[in-house]
Amino acid sequence: MKRLTATLLLLVPCSLLLAQGVIDVHSHVIPAEYLSALKEENKLMDEGFPLPKYDVERHLNWMDEAGVETSVLTLAAPQPSSAAIVRQTNEVAARIKKEHPGRFMFCAALPLPDVNAAIREAKYALDTLKADGIKLATNVQGQYLGAPELDPLFAFLNEREAVVILHPHRPEPVNREVMVQTPLAMQEYLSETTRAVTNMISRNVLARYNNIKVVVPHCGAYLPLAMPRMKSLTPVMQANKLVGEIDYEANLRPLYYDLAGAHSPEAIRTLLTITTPDHLLYGSDFPYAAPQVLTQSLTRMKQYLTTEHDLAPYKEMILWKNAKWLFGQTSEKPTAAMHSADSMIVRIAEIEVYPQYLKEYLAIAKEVDRLSIEREPGVICLYPMQSSEDSCQIRILEIYASEEVYQAHLKTDHFQKYKQGTLHIVKSLKLPLMQPLDLETMKHIFRKE
């Protein structure tokens, strides 16, 4: 019987066996035509290390072993000079996708710095090759993302509501001696990614072209560290007329982050200071590490996304649900895995505010309620109400998916800001826990519109 079962399984397409498997948004295709072109241009070592060999069957074997359903292919660095070679590599990626339905997607490379040629290639790739998105280098020949000359390209991608996957390339111009001791991939790639994204933010590129969704690689590089510094220095820079108005919230909103590289619970928590769980994606960086290393890395991620209580609700979102939403494969927006109704925390916070601070409190409370609902899927409800008889009497209906979610909520920056900012405002506070009388109905209340 076991032998018969095994035989039947062999007859089932692998893509069906891997239904709802992991989606890898950071993997690379390295075609032979691309390697030949780089060799002719003497660019094989432009990034400071040799490009790994790529083989589709080897890629599929690893995906099957690791439980990866679909990999999104992008062209590796460096960028070839020829538009014809860029076209060839895009056609190779399109062929791989077509020959292995459901297993591969791809984001097309563009022949920058020629913006007009890049727009033509993007149109061909999206319309003819059915590319799933566009890959952009942080810079090509010194033309950095955020540069004004790239606005027409971003206008086109915005019109097409494109997904854009970023990848760092060697900075240009560069003092090569700087990277002799510490190779490019070990540190400069993170600086390069941060540089390109902050360039776009400082010119409000992402806010102006807000139909584009941009995937930032390698756990967001240094962005979680860079954002507070940029925000704090903006008034000084504006006073010296070095920057204009910057809409940080609008610029950060379209950014997604893959977890290729040095992922960890700490890295995810750091990213959640600038984004929300529905913007985090799994990435492997195949074939830049040995398959067994990538498998071990994915196994470790699955383990801590199961055992770390504050991250566990986001496991399926990170591993596949967010990617399906990003690439338009589902109309159901990802949400955190819900705990059972009897694990929910339900209460009505009873708050009395000093009259002279009422207006200030309402503004602070509105902000923390909005950020908590937007950024914390496990925060099911924060519904503030004001007594019609005494406007200083505030009641907030609070529902959290679990104790773990609630404890994580207390540690968020926005809650800490609320807590510290209202110490002088709140006259009294009571937090009585409430016991739901109908647990089954609780499961359905907040699914209704």
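Which residue lies over the face of Tyr124? Select Tyr124 and look for Arg87, which sits over the ring face at 3.7 Å from the ring centre. The criterion is that NZ of Lys or CZ of Arg is within 6 Å of the ring centre and within 35 degrees of the ring normal.

The model is predicted: local features need pLDDT of at least 70, side-chain atom pairs count only at pLDDT 80 or more, and totals for chains, interfaces and linings use all residues. Residues are numbered from 1 along each chain as its sequence is written, and side-chain values use heavy atoms, with hydrogens and water left out.

**Whole chain**

Show the protein chain as a cartoon; it has 19 helices and 14 strands. These are DSSP runs numbered from the N terminus, with H or I over at least four residues for helices and E over at least two for strands. The radius of gyration is 24 Å, close to the 22 Å that the globule rule gives for 449 residues, so the chain is as compact as a globular protein of that length. That radius is taken over C-alpha atoms, and the rule is 2.2 Å times the number of residues to the power 0.38. Along the principal axes, the C-alpha atoms fill a box of roughly 80 × 75 × 45 Å. Of the 449 residues, 51% count as buried; buried means under 20% relative accessible area, exposed over 50%, and partly exposed in between (1.4 Å probe, protein chains only).

**Aromatic pairs**

Next, select the rings. The structure holds eight aromatic pairs. Rings of Phe, Tyr and Trp (its six-membered ring) pair if their centres lie within 6.5 Å; planes under 30 degrees apart count as stacked, over 60 as edge-to-face and the rest as tilted. Pick Tyr54 and Phe286: their ring centres are 6.3 Å apart with the planes at 80 degrees, so this pair is edge-to-face. Tyr54 is in the loop between α3 (32–40) and α4 (56–66), and Phe286 in the loop between β10 (280–281) and α14, so the pair ties together parts 232 residues apart in sequence. Tyr54 counts as buried at 15% relative accessibility, and Phe286 counts as buried at 0%. Then select Phe49, Tyr189 and Tyr288, which ring pairs link into a cluster.

**Second largest pocket**

Centre the view on His218, Ala260, Gly261, Ala262 and Asp285, which lie nearest the centre of the second largest pocket among its 34 lining residues. A pocket is an open set of points on a 1 Å grid over the protein atoms alone, with protein on both sides within 12 Å along at least five of seven lines; a cavity is a set where a 1.4 Å probe fits but cannot get out, and lining residues have an atom within 4 Å of a point. The pocket volume is about 590 Å³, where a volume is the space filled by probe spheres set on points joined across faces, edges and corners. Colour α9 (188–202), α11 (223–239), α13 (265–271) and α14 (291–307), each of which supplies at least two lining residues. The largest share, four residues, comes from α14. By class the lining has 23 nonpolar, nine polar and two charged residues. Ala, Val, Leu, Ile, Met, Phe, Trp, Tyr, Cys and Pro count as nonpolar, Asp, Glu, Lys and Arg as charged, and the others, Gly among them, as polar.

**Largest cavity**

The largest cavity has a volume of about 40 Å³. Select its lining residues, including Val29, Leu73, Asn90 and Phe106.
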